[in-house]
Each structure stands twice: as C-alpha cells, then as structure tokens.
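Hi,

Here is the structure I promised to hand over. My notes follow below it.

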There are 2 protein chains.
Amino acid sequence: MSKIKGNMLIAQSGGPTVVINQSLVGAIIEGKKHKEIENIYGSLFGIKGILEGNLVDLKKEKISNLKKVAQTPCAALGSVRKKPKDEECEEIFKNMQKYNIRYFFYIGGNDSAETAYILNENAKKVNYEFKCFHIPKTIDNDLKENDHTPGYGSAAKFVAMAIIGDNLDNKSLPGIKIDVIMGRHAGFLTAASSLAKIYEDDAPHLIYFPERPFIIDKFLKDVEEVYKKYNRCLIAVSEGITDEKGEPIAAKFTKEVDSHGNVQLSGTGFLGDLLADIVKRELKVDRVRADTFGYLQRSFPGIYSEVDAKEAYKVGELAVKYAVGKYENGSVTIKRERGKKYKVYYELVPLENVAKETRCMPDEFINENANWVTEKFIEYAKPLVGKLPEIGVFKKYRVF
Amino acid sequence: MSKIKGNMLIAQSGGPTVVINQSLVGAIIEGKKHKEIENIYGSLFGIKGILEGNLVDLKKEKISNLKKVAQTPCAALGSVRKKPKDEECEEIFKNMQKYNIRYFFYIGGNDSAETAYILNENAKKVNYEFKCFHIPKTIDNDLKENDHTPGYGSAAKFVAMAIIGDNLDNKSLPGIKIDVIMGRHAGFLTAASSLAKIYEDDAPHLIYFPERPFIIDKFLKDVEEVYKKYNRCLIAVSEGITDEKGEPIAAKFTKEVDSHGNVQLSGTGFLGDLLADIVKRELKVDRVRADTFGYLQRSFPGIYSEVDAKEAYKVGELAVKYAVGKYENGSVTIKRERGKKYKVYYELVPLENVAKETRCMPDEFINENANWVTEKFIEYAKPLVGKLPEIGVFKKYRVF
C-alpha cells in the first residue's frame with residue numbers, strides 16, 4: 001500500500017509543550033503539498049475525538065493563522081491521556097473508514113507512541129489500510145532512540161531562566177531555597193537548571209535526580225556544606241526523587257500524613273514544602289523556602305528555544321514526507337551527529353522501539369556525588385537550549 | 001542645608017523586583033552629573049551594610065556594566081528586611097559620618113520608607129546633616145500616594161503570561177486548576193491575571209482577592225458553576241485570602257495540621273494544595289491541580305513591562321534631582337494624569353505618608369460577586385503591563 005490516496009488525520013496526546021503546535025503545523029503545511037492527501041482533519045482531544053467523531057477541517061485554516069498557532073503553547077487540538085482498548089480500536093477504525101482516513105499522525109510521548117502502535121497492530125487484524133506515524137514530543141526528554149525530544153529544549157530554557165532569576169533573588173535575600181522541577185523518572189529537565197550557573201557561587205548549588213536514591217541525611221549534609229560556604233543554598237530537585245527502595249519521597253510522606261487523616265494530598269507543592277520543612281528543622285536555618293515550578297515549565301508563552309521550535313516543526317513535516325513516501329508506519333526520531341558542532345539528522349524507527357519503556361539520564365551526565373551534573377551534560381544540553389539572558393553584576397569595588 | 005556637598009549612599013531593601021536595579025542605576029547615573037555629589041557608594045544588603053561598614057564604590061562601575069545591571073532582576077546590592085533600632089541608628093550615623101554621607105537613597109516598599117523615615121527623624125535628634133529619600137518599589141502595588149509602583153507592571157506581566165499559558169494547558173487537558181499568586185494584603189497582582197483573558201471561555205474563570213472574605217462554600221459553588229459550563233475551571237487566588245474574621249486561610253489550615261504534629265508548614269505550596277484538596281473532595285472532580293507561582297513572579301529574567309522599566313529608572317533619577325535641588329527628604333511617587341491616554345507625573349511626598357499603612361485594591365476594581373475584576377481595573381492595569389504575546393487558535397471548522 002505504499003501509494004494510497006485518502007484523507008489525513010492528526011491529533012495530539014499527553015502533556016503539552018511550548019512547541020507541540022510547531023509539529024502540528026509542520027505536518028499540516030506539508031500535508032497540503034501532496035495530492036495523495038485529499039483532506040486534512042484534526043481530531044479533538046487525541047483519540048477521544050476519533051471515538052466521538054469530533055473532527056475539524058484543518059485544510060480550511062488560513063496560513064497566517066497556522067503560523068500563529070505554531071507559536072502558541074499547548075495542544076491546539078486538545079490533548080488526552082488514553083490507551084485504546086480493543087473494542088475502542090474497532091470503533092476508531094469504523095470512524096476512520098467513515099472519514100476515509102489513510103494517513104494518521106499522533107503527536108506525543110511514549111504513551112502516545114504506544115497508542116499509535118496498538119492502532120497499527122489492530123489495523124492489521126481487521127485489514128484496515130492506513131499509514132500510522134508517531135511524532136515525538138515531551139519536555140521529559142525520555143523517549144528511547146532519540147538524542148533529545150521536541151519540547152525539551154524550550155522547557156529546559158524556562159527552567160534555566162527561572163533558576164537564573166531565583167539565584168539573583170536568593171543572593172538578594174540569602175537563605176535556603178528548594179526548587180522542584182518536573183520529571184517523574186528522568187532528570188533531564190532538572191539537570192537543565194545547571195545551565196543557569198555562570199559564576200562560581202551561582203545557583204543551583206545542588207541538583208538531585210530521580211536516577212539516584214535520595215538519602216535525606218546525605219542531602220542535609222550537602223546543604224549544610226554549601227550554606228556554610230556561601231551563607232545561602234539553592235537546590236534544584238526533581239519531583240520524581242525516590243528513596244533507596246525506589247519509593248517516591250513525595251508519596252512516602254503523603255501516605256504518612258494521610259494515615260492521620262489530615263491532609264489528602266492532591267496538588268503539586270507538597271514535596272518542596274516537605275523538604276523545606278526538614279531542612280528548617282534539622283539545620284535550624286530560619287529562611288527556608290520552596291517553589292514548585294509546575295505547569296509553567298511546559299506552557300509559558302514566549303519562552304522557547306529556537307532550535308527546539310525548528311526541530312519540532314521538522315519532525316511534523318518529516319512524518320508526512322515519510323508517509324507519502326515508501327514508509328507504512330514508524331516514529332520520527334532525532335539523532336545527533338558526532339563532532340564539535342551541533343547538528344542533527346532524523347530517522348524513522350519502528351513504533352514499538354519508542355512505545356515501550358522510557359529512558360533515563362545516562363550515568364555520564366551525573367556527578368559521582370549524585371548532586372550535580374557533569375561537563376558532558378552541559379555540552380549536551382547547551383545547544384538544545386540556546387542563548388540565555390545576559391546578567392549584569394557589580395564589580396563591587398570595596399570602600400575602606 | 002538645601003545646598004550641601006558630600007558623598008551619596010544608596011541601598012536596596014525588601015523583596016526584589018525585576019526592575020529594582022533600573023531605579024538604582026537611574027540614581028547612580030544622575031548622581032554622577034552633580035558636583036555636590038563627590039562619591040557614590042552602595043551599601044550591601046540595605047542598612048545592614050551601613051552598620052557593618054560594608055560599602056562599595058559605584059562611581060567606578062563602567063557605564064556599559066551599569067546598563068547590564070539595570071536590566072538584571074533582583075537587588076544588585078543585596079537586600080534586607082530590617083527596621084533599625086535607636087541604638088542602630090546611632091551606629092548608622094557614626095558610619096555615615098565616617099564616609100561623609102550627605103545624600104541617602106533607600107529603594108523599597110513601605111517598610112523601607114519607614115526605615116528612611118526613622119533614620120530621618122533620628123538624624124534631627126543627633127543633628128546629623130543629610131538628605132534622605134525613599135525610592136518606591138514593590139510588586140504588591142500597595143504603596144500609598146502612588147497610582148502604581150515600580151515592579152508591579154513587570155510582575156503583573158509575568159502573572160498574565162503565566163495564566164495565558166496555563167489557560168492553554170488547562171484547555172488541552174481539562175480539569176480544575178488553582179493558581180496561587182503573590183499579595184498578602186493587596187490583590188493587585190492576582191487581579192492582573194484577568195489580563196490573560198481574550199476569548200469568552202478563557203481563564204482565569206474566577207479570581208479571589210485578600211480584600212474580600214473567602215467563603216469556602218461560595219467558592220465551591222462558583223467553581224461548580226464554571227465547571228458545568230466549560231468542563232474546566234481555572235482559578236487565580238491571592239496567597240493572602242482570609243476568612244470572614246480576617247484569619248488567613250493558609251494559616252488556619254496549617255495550624256490544624258500542626259496540632260496533629262504532622263506537617264510543620266514552611267514552604268509556599270500549601271494553600272494551593274489545600275484548596276485543590278477541598279475541591280477534589282467536595283466536587284468529586286478527578287483532575288484538580290494547583291500551582292503556586294512563587295518567587296518567579298518577582299525574579300524571572302527577560303519578562304518585564306517596558307513602561308515599568310522606564311518608570312523605575314525615572315524614580316531613581318528623580319530622587320537624586322530632588323536631593324540636589326531644594327528638597328531635604330521625601331518619597332518619590334507616581335501619579336496618573338486623568339484622561340484617556342496613559343500619562344504619569346511624579347511628586348515628592350513626605351516620607352511618613354508612604355511609610356505608614358499600605359493600600360488595598362479600591363472597591364471599584366472588584367466585581368459584586370467578589371470573584372472577578374471590573375472593567376475599571378482592566379483599564380487601570382493594561383497600560384502598566386503593555387503588550388502580551390499573541391495567541392493563535394484554530395477556527396475549528398467541524399467535519400460532519
């Protein structure tokens with residue numbers, strides 16, 4: 001079926017990013033160029049829209065509006081977290097048949113790749129002819145087969161900028177500050193906080209990743225040491241840190257409180273507050289504060305990495321090129337060329353390669369003390385994030 | 001003493017803002033122009049630096065570096081929260097005498113104005129000759145005598161942008177979202193979230209201010225109504241909301257938990273998490289999330305209002321002009337001219353006028369239901385914040 005004529009359907013899934021609509025618009029604009037693709041539809045809220053017959057016509061959108069949408073954060077078609085059951089797949093193909101969908105593109109992370117994989121496998125069973133592609137997206141940067149993923153560079157830039165600002169805040173009013181950063185299993189985004197450091201005494205002073213067990217006593221010793229040296233300490237910590245048994249620190253304490261029937265945790269500020277509380281109590285420091293960067297990391301408008309935006313557009317465009325070409329299905333991936341200068345190339349890989357497990361930070365990115373990154377990580381991340389705002393500090397000529 | 005020759009000392013105090021160094025650099029550059037001012041010193045960490053003789057020479061700083069510092073968030077000289085005691089005033093004047101300080105400028109909020117006032121009163125007692133000025137700064141926008149304060153416009157822009165992004169996030173993955181915004185007594189910053197709303201169904205759907213009692217039952221009713229209408233609800237709430245007796249909601253619950261000895265609250269995510277928990281339990285909605293914007297609101301680099309930056313520079317510059325002119329002391333204030341077009345003028349007022357109580361939002365800025373702003377507020381705030389990023393949304397032509 002390498003040549004097939006029909007309609008194209010595209011949808012978005014999983015947590016939003018600031019550049020997820022770049023991929024969407026890249027695919028739409030490329031789709032318009034090929035006569036094999038008759039109509040271009042978007043499904044609202046991922047596969048939920050296909051199940052409910054909730055489709056919109058994207059070919060009718062003006063180019064000027066498409067360009068605006070591309071620069072707008074978060075899923076313009078709406079998103080969903082949903083794994084299709086077998087009976088739902090049947091329903092999906094019924095609707096795909098109705099709308100003559102022959103090209104399907106799903107933008108998302110590993111769960112979305114799995115959905116694409118499930119649909120592709122089920123299509124074979126019922127002999128539904130379509131081409132099925134996954135377009136990568138995740139601020140977590142945890143997709144297998146990829147050097148990095150669209151969405152990561154921009155979220156990493158937001159995190160680095162937030163830490164640049166918070167470092168200055170913490171220098172103004174010294175104390176201990178804990179910043180909780182997204183990343184349930186992979187520490188890539190938390191690690192990006194390291195890019196904020198310019199001068200020797202700059203934050204972050206300590207970074208903790210989900211890839212290494214978080215030992216409270218060691219953490220307190222680390223913090224105390226920094227605090228003695230600089231009279232302040234700013235810590236970047238991943239929301240996903242776990243104890244030696246792999247149990248999330250947040251969950252552990254939540255349960256403890258729950259069993260007393262007082263606080264049923266649901267929000268996102270809990271881990272930061274808890275760590276701040278432990279530090280305050282154990283180190284007897286008055287000014288201890290915690291911030292949880294939350295959804296701003298993946299949705300703040302205007303803060304994006306140019307490299308990231310460009311690559312996000314490219315993976316969308318390429319998915320359509322692969323589909324109208326000789327390929328039947330697959331996931332578009334980003335690989336990096338070896339060498340000093342940053343350069344990437346793209347490769348189509350089988351859906352199941354990306355759909356299965358996620359990846360974590362390689363050991364070579366985490367220092368021996370498990371409390372900072374290595375130079376290798378900084379070399380890796382810098383080109384993905386791009387230029388950060390310049391900071392001015394006084395020379396501070398002392399008066400005697 | 002209206003003509004006096006000697007050295008100038010400047011310092012920063014209270015919570016940082018993104019434009020506080022504009023005022024500092026405005027004052028330094030103006031100070032360099034006047035022969036009455038021989039040296040220009042900066043005190044590190046507010047009046048603490050004067051007490052400890054911790055001064056730096058600011059005249060030696062290059063103009064190119066001053067310009068960089070002006071654009072850098074948070075107090076470049078360090079800040080402090082400190083009210084001088086009588087014996088400390090004596091120490092301060094001893095050191096001022098030593099360094100021949102005759103022009104003193106203190107950048108900060110109402111507490112800093114109070115410090116300037118205390119120093120000025122104590123100087124009279126000991127016959128210390130100096131000119132003492134307060135330069136306004138606060139993201140809370142709560143200084144008396146001012147139409148608005150330097151720092152507010154930029155923080156308000158950050159909040160509006162964060163809500164623009166979070167609205168898109170919440171549209172992508174619908175649910176109930178609570179965003180906690182700074183402002184202990186005044187709701188100006190929380191109110192700025194309203195500027196994010198463009199389309200009828202945009203967030204924030206509800207806004208709660210410290211100026212009105214926060215009644216949980218009414219809050220739940222409000223949220224339920226919005227949720228029924230849009231299948232989602234995004235709420236902007238001030239960290240300083242209180243119950244009918246004026247007790248902070250956060251403190252009330254903290255105590256409750258404290259009495260069980262489980263969680264000693266210290267961080268900042270608590271209020272959001274608690275409200276999310278109440279909503280989840282009472283309205284039986286699965287997806288309820290909370291974010292607390294925290295220190296990013298006052299420190300995030302690169303996000304500033306141009307009007308705010310310009311005015312912040314101007315109040316610093318003007319303070320020095322007043323001081324080398326006929327004035328002995330006072331606080332620089334910003335007033336707005338009546339009329340359609342945004343235009344301000346500046347006025348020097350007595351220190352004690354700004355030093356005493358803070359101000360809250362006027363009644364005409366809060367709607368009758370106490371859950372949104374009025375058109376008057378939007379007219380007031382728009383010119384202070386300036387242009388916000390443009391958002392693209394699909395026309396969504398339905399496919400049948």
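A rotation of 180° with 0.0 Å of shift along its axis puts chain B onto chain A, at an RMSD of 0.0 Å. The superposition is by least squares on the C-alpha atoms of residues with pLDDT of at least 70 in both copies. The two copies are therefore related as by a two-fold rotation axis. In chain B, the residue closest to that axis is Gly269(B), with its C-alpha at 2.1 Å.

This is a predicted model: local features need pLDDT of at least 70, side-chain atom pairs count only at pLDDT 80 or more, and totals for chains, interfaces and linings use all residues. Residues are numbered from 1 along each chain as its sequence is written, while chains are lettered from A and ligands numbered from 1 in the order in which they are written.

Now the fold. Chain A has 14 helices and 12 strands, taken as DSSP runs (helices H or I, at least four residues; strands E, at least two) numbered from the N terminus. The C-alpha trace of chain A spans about 80 × 55 × 35 Å along its principal axes. Of its 400 residues, 58% are buried, meaning that 20 or more other C-beta atoms, placed from the backbone, lie within 10 Å of a residue's own.

Next, the domains. An automatic or database assignment sets the bounds: domain 1 of chain A is 6-139 + 146-151 + 302-355, and domain 2 is 152-301 + 362-385. Their centres, over C-alpha atoms, are 33 Å apart.

Best wishes

Key: Buried ≥ 20, exposed ≤ 12 C-beta atoms within 10 Å, placed from the backbone.
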